[in-house]
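User: Hello! I am new to this structure and would like a friendly tour of it. Could you show it to me first?

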Amino acid sequence: MEYAKKALGDPASDEEESMTNTNSNSYSSPVERKKQVKKGKKAKVDAVSMVSHIGKAWIGDIKDASLDVMKHMVRGFITFHYRKASGMKDGSVPWIQISTQRSDYISGKYLPQGAKLREPSKLQKKEVISLLEFWRERQKSDPADIFTFRKWRDATGTLQEPVEVDSNEEGASQRRTAAKGKRKAAPDHWPTNTEESEDDQGGPTDKEEPGDVG
C-alpha cells in the first residue's frame, strides 16, 4: 500500500490538497486575485531599448528573430527617432497621420521604395523584414544619416521642425546660464568708471571749474 501510494499518488491527500487550494482562493480578496493574475502576465516590452544604445538607434541581426520581435524593433526604431525630432522623452508616434501623410513626416530616402509605414502590429512579415533590412543597409552605407524625421506633430496637430538637441550637456548648460545673464543685465546701466559717472551726471572735472551759483 505504501508503494502504491508513492507510485500512483494518494487520492485522499490529492483531494485534500485540492480542497485547500480551492478554499484559499475563495477567501482571497479581489485585489489579491488580480495581483495573482498580473504575476502570470509578461512584462511590457520597451521597444525603444531593443534598438537603442548609447543614445543611438541601431538595428541588430534579424536572422533568427521572431515576427513579434521584429515588429517591436520597427516600433522602437521609429519611436526613437520621433522622440529625438520632437525633443520629448516619452513622445508617442502619430501612426495614423504618418501612414496617411507620410511625405510630410519622412523623406522617401529613409524607406524602401513603395513601402507603406503603418502601425507595426498591422504590418505583414515581408513588410517588416523589408524595413529592417533597408535600415541595416543604410547603417553600412551612411551611418551618419540612417533615418530622421523632417517634421513632428505637436499637441495642437501643427507640424513642427525637428528640435536640435545638444549632446554636450555641459556646454548647453553654460549657454543657458550665459543667456540668463544677458537677460538680467540692464541695457542702460551706469558706467563703473568714476570719472565717466561724474561727467554723465554733470559733476566737476579737471578741465572745468564749477561756476559761482550766486
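User: Is the crossing of helix 5 and helix 8 left-handed or right-handed?

Analyst: Welcome! A word on the basis: this is a predicted model, in which local features need pLDDT of at least 70, side-chain atom pairs count only at pLDDT 80 or more, and totals for chains, interfaces and linings use all residues. Residues are numbered from 1 along each chain as its sequence is written, and side-chain values use heavy atoms, with hydrogens and water left out. A crossing is left-handed if the near helix is turned anticlockwise from the far one by less than a right angle, and right-handed if clockwise; for helix 5 and helix 8 the crossing is left-handed.

User: Which residues of helix 8 make the contact with helix 5?

Analyst: Contact means heavy atoms within 4.5 Å, and helices (H or I, at least four residues) and strands (E, at least two) are DSSP runs, numbered from the N terminus. Helix 5 brings Leu67, Met70, Lys71, Met73, Val74, Phe77 and Ile78. From helix 8 come Lys125, Val128, Ile129, Leu131, Leu132 and Trp135.

User: How far apart are the closest N and O atoms of arginine 118 and glutamate 127?

Analyst: Side chains of opposite charge can pair when their charged atoms come close. A salt bridge is a side-chain nitrogen of Lys or Arg within 4 Å of a carboxyl oxygen of Asp or Glu. Arginine 118 and glutamate 127 form such a pair, and their closest N and O atoms lie at a distance of 2.8 Å.

User: Is arginine 138 buried or exposed?

Analyst: Arginine 138 forms a salt bridge with aspartate 145, at 3.9 Å between the closest N and O atoms. Buried means under 20% relative accessible area, exposed over 50%, partly exposed in between (1.4 Å probe, protein chains only). Arginine 138 has a relative accessible area of 13%, so this residue is buried.

User: Where is glutamate 161, the partner of lysine 151?

Analyst: Lysine 151 and glutamate 161 form a salt bridge, with 2.5 Å between the closest N and O atoms. The pair links distant parts of the chain, ten residues apart, and lysine 151 sits in the loop between helix 8 and strand 3. Glutamate 161 is in the loop between strand 4 (159–160) and helix 9 (169–184).

User: What is the phi of isoleucine 54?

Analyst: Most residues other than glycine have a negative phi. Isoleucine 54 is found in the loop between strand 1 (52–53) and strand 2 (56–57), and is exposed at 72% relative accessible area. Although isoleucine 54 is not a glycine, its phi is positive, at about 55 degrees.
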